[in-house]
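Dear colleague,

I am passing on the structure we spoke about, and my notes on it follow below. Please read them with the model open beside you.

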Amino acid sequence: MAHRFHKINIEISNICNFQCSFCPEVIRSKQLMRLPLFESVIDQVAPLTEQVTFHLMGEPLLHPDLAEMLDLCGKKNVPVFFVSNGALLTDARAKLLLHPAIRQVNFSVHSFADNHPGEDPGPYLEKIFRFTRDAFEQRPDLYLNYRLWNLKDPRSDHDTNGKIRSLIENEFGMKIPEVDDVRKQKSHRLLNRLYLHYDTEFVWPDPSLPELGERGTCMGLRNHIGILADGTVVPCCLDKEGRIPLGKIGEKPLLEILETPKAREMLEGFLARKLTDPLCRRCQYVTRFS
């Protein structure tokens, strides 16, 4: 049976060890998702999605129950798409990321320079390289992405990532292709199942921004949804403050939440290329689907 969603974003932590300029600070109460709530979430999303991410905001490596969460995903046969800045990698955490439930690990390697401008990224990247070498040996089926999602122009990185690119090239003995236009090709295979992934920065939707119009569409509620650390269900992975709450797991089953009038109105609007919510009309990411 086909799954309803490609992925469901589960925010196991909205706390982060970094504060990146391209990732606004979380205004909501800082919290970790409780393990009983996570178990309930996994039980309900397992039949609905191809995979889950442990991300919406925050750094998932901070969660003390990460091993138990991965075990629960394994028991429910729910693959995990893992996103991390990688700065907190230790031997123990690196071992966790080799868990068989994890399908793909994505390291946002552009985050280091944003938080530590002028510092040598070598020691930071060496932890990620060491994990990558271990993954090649122990989990050759594991997909790995090094993300450079900080381009100001889709046609060039303007040497923004020159040092990181050089260290990657030296580590794996290869020449990384120059950026032509990330709108044409974002992902470049480096070695085995390791890829370098480019993208441009974007402005997060916010009520203070001007409206861009009512016409447009989104993949929210179509191929993904988000579940915040307190169980609040949101229609899109960019609703970082839960400004469009559809319901809360623990108070109502997920399937009922997805059938509420608000959720149905938004989904039908996206399908008809109409943005029904004020936050969606202030989302620049919508323009990528035009």
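Strand E5 (residues 143–151) and strand E7 (residues 194–200) run parallel and are joined by 6 bridges, where strands are DSSP runs of E with at least two residues, helices are runs of H or I with at least four, and both are numbered from the N terminus; two strands pair if DSSP finds at least two bridges between them. E5 is also joined by 5 bridges to strand E4 (residues 102–108), again in parallel. Asn145 has Asn106 as a bridge partner and Tyr195 of E7 as another. Of the 9 residues of E5, 7 are buried, that is, under 20% relative accessible area with a 1.4 Å probe and protein chains only.

The model is predicted, with local features needing pLDDT of at least 70 and side-chain atom pairs counting only at pLDDT 80 or more, while totals for chains, interfaces and linings use all residues. Residues are numbered from 1 along each chain as its sequence is written, and side-chain values use heavy atoms, without hydrogens and water.

As for the whole protein, it has 8 helices and 10 strands. Its radius of gyration is 19 Å, close to the 19 Å given by the globule rule for 290 residues, so the protein is as compact as a globular protein of that length; the radius is taken over C-alpha atoms, and the rule is 2.2 Å times the number of residues to the power 0.38. The C-alpha trace spans about 55 × 40 × 35 Å along its principal axes, and 51% of the 290 residues count as buried.

Best regards

Conventions. Buried means under 20% relative accessible area, exposed over 50%, partly exposed in between (1.4 Å probe, protein chains only).
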